[in-house]
Amino acid sequence: MSTRSATGAMDWQHEWLTSLTSTAMTWVVTILVGALVVWLLTRCTHWGRQFRRLAFPYLKPGRSRITWRPLLTLLLLLWLTVLAVRLEVLISYATNGLYTALQGLDAKKFWFCVTVFMILAVIAVSSAQLAYLITQRLFIHWRTWLNEHMIADWLDGHAYHRGQFVSSPVDNPDQRIEEDVTQFVENSYDLSIGAIGAALRLVSFTAILWGLSGPMPVFGHEVPRAMVFLAYTYVIMASFLAFRIGRPLIHLNFLREGLSASFRYALVRLRDNSESIAFSGGENVERAALSARFSTVMGNTWAITKRSLKLQVFNDAVTQISVVFPFLIQVPRFFSGTISLGDITQTAGAFGQVHDSLSFFRNAYDSFATYRATLNRLTALMDANGESRGLSSPIFAHRPDALEIEGLGVWRPDRQPLIEGLTLSMSPGQALLVKGASGSGKTTLLRSLASLWPHAHGTVRRPTGAHTIFLSQQPYLPLGSLRTALAYPEPAHRIDDEQACEALRWVQLGHLSNQIDDEAHWSRTLSPGEQQRLGFARVLLKRPHLAFLDEATSAVDEGLEHALYSLIRDRLPQCILVSVGHRSTLNAFHTHYLELLGAGRWGMAPGGG
């Protein structure tokens, strides 16, 4: 409570001590009440449980001092919020005194109140700037942590790839990580601190309004402190109607993110496949497909616009009508001399604060709708990641000097078998060539051995980690320099100039030796054949114990294919090779053949290598 004299004026001489004590007590109570509310919301509401999954791992303190920083930062920001509300209360009393002094033509009191007002304003502005700086620091740290957490969860267990096989695959996980993480962090803070600030203002200014309100006749009965009851009744009814009007925005905002991301993905896909589309003359088909996707985006935008307009018109009308309320109610008492000009201005300010505090969730409903959509999208991605890791997969064990497969079964998503009961063993220096008709499961077998295909079971013992390399028909070339592409997935600095240039000469790409540190989009700069040769250079540099080659020479001629395989066998004589290919020229480099015969059948035979 504020220190006031018997005449209603603030006792500014002792107010600083009263305010410090009051602020400390309010801060403690706010922490306790806030913790209880958070506990209830995170256990009794679906969106509260979603918030707990995303926020609690970051805010939960551990044994080190660093893990306490997020929670301590929030407590500091909470104290600054309590202080800001207290300063607003004091400023309202200073303003009251200023107008009362004007009314009474008391120059000394007027200039005293101006001085007090300026001191309070300086403290308020300074604390607000400090709160802004701390808030931005919290945003940056929280967003950094959550971004790393979401990416790690997405990459763990190949969820970024296996997620396409879950019961409800999520759309555009990249957009969810890039945009929704930022929105979650900012909206979590804005809504929570905004709600706390609104609650504190509601309590503080209701007390002021209660002291300034007088009785008012209503339907023949005199209602004491009528303004307080009118303010609460008016805003609660308006908030209820606003919730009804704005509720569809939750689903509409959820759809907006997905539809916009799908349209953006279609544009990226057009750019990435521009050559094939241009060769086919598919511009009209692509234009129609893009127009259809864009039409759905615009349809959703119009639906959001219409619903937001209804909510905005209603909110604006409610806010404007509330401006005249305190004056209409207090003017009779002012004209009768019961209250001063300062009291009526403080009444208007307190009424506005009570109205705005009660209206917080009504005015923030659009933000809350977007927030709910953000929670749904992020937790849906986490759910899909978890489900993908739970999909069927062979049992893997590390065996540094062999490839052993026991009872491997691979099937299509429709449960039709591709391979049943595959059992084989390969020793260092041996090589296996996998053959079979198109669709028999050759590439799917390699995916299963890499734990990428979820429709498989059995036991696989092989070198793991950096000791195994998978080389696909079109090797992945990351953005960056040619050295980065050669070293992938290891850091670029692992390869020096001499190693990089030598490896390029081995695979007949010596003309690129002077470009090893050039930044370029190498997957577009190099031809498919050059990209495959770069993949072989990567194998030679990495020197794995086991290499899987999935039609890795399909874009080069037979002579160059012979040279590349000869390099592997000569320079990596102990490396176990598993190749998928169709050319008979590969037979000489493999010691065993695996023929996939369809319907789960297979056959093994010795090779010519």
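**Notebook: ground rules**

I call a residue buried under 20% relative accessible area, exposed over 50%, and partly exposed in between, using a 1.4 Å probe and protein chains only. This is a predicted model, so I keep to its thresholds: local features need pLDDT of at least 70, side-chain atom pairs count only at pLDDT 80 or more, and totals for chains, interfaces and linings use all residues. Residues are numbered from 1 along each chain as its sequence is written, and side-chain values use heavy atoms, with hydrogens and water left out.

**Entry: aromatic pairs**

I looked up ring pairs and found 16 of them in the structure. Rings of Phe, Tyr and Trp (its six-membered ring) pair if their centres lie within 6.5 Å; planes under 30 degrees apart are stacked, over 60 edge-to-face, and the rest tilted.

I began with Trp47 and Phe368, an edge-to-face pair at 5.4 Å centre to centre with 85° between the planes. Trp47 belongs to helix α2 (residues 46-59) and Phe368 to helix α13 (residues 365-389), so this pair links distant parts of the chain, 321 residues apart. Helices are DSSP runs of H or I with at least four residues, strands are runs of E with at least two, and both are numbered from the N terminus. Is Trp47 buried or partly exposed? I noted 22% relative accessibility, so Trp47 counts as partly exposed. Phe368, at 19%, counts as buried.

My next pair was Trp142 with Phe184, also listed as edge-to-face: 5.8 Å between centres and 80° between planes. Trp142 sits in helix α4 (residues 107-155) and Phe184 in helix α6 (residues 173-212), so the pair ties together parts that are 42 residues apart in sequence. Trp142 is buried, with a relative accessible area of 3%, and Phe184 is buried at 0%.

**Entry: salt bridges**

My search of the whole structure gave 15 salt bridges. Each is a side-chain nitrogen of Lys or Arg within 4 Å of a carboxyl oxygen of Asp or Glu.

Glu404 and Arg461 make one, with their closest N and O atoms 3.5 Å apart. The two link distant parts of the chain, from strand β4 (residues 403-411) to strand β7 (residues 456-462), 57 residues apart. Glu404 is buried at 18%, while Arg461 is partly exposed at 25%. I also saw that Arg399, Asp401, Glu404, Glu406 and Arg461 are linked in a network of salt bridges.

Which residues does Arg483 bridge to? I found Asp497, with closest N and O atoms 2.5 Å apart, and Asp517, at 2.8 Å. Arg483 lies in helix α15 and Asp517 in the loop between α16 and β10 (519-520), so that bridge ties together parts 34 residues apart in sequence. Arg483 is buried, with a relative accessible area of 10%, whereas Asp497 is partly exposed at 44% and Asp517 is partly exposed at 46%.

**Entry: a charge and the cysteines**

I found the charged end of Lys435 over the ring of Tyr593, 5.3 Å from its centre. The test asks for NZ of Lys or CZ of Arg within 6 Å of the ring centre and within 35 degrees of the ring normal.

How many disulfides are there? My whole-structure search found zero, a disulfide being a pair of cysteine sulfur atoms within 2.5 Å. I checked two cysteines: Cys501 is buried at 16%, and Cys575 is buried at 3%.
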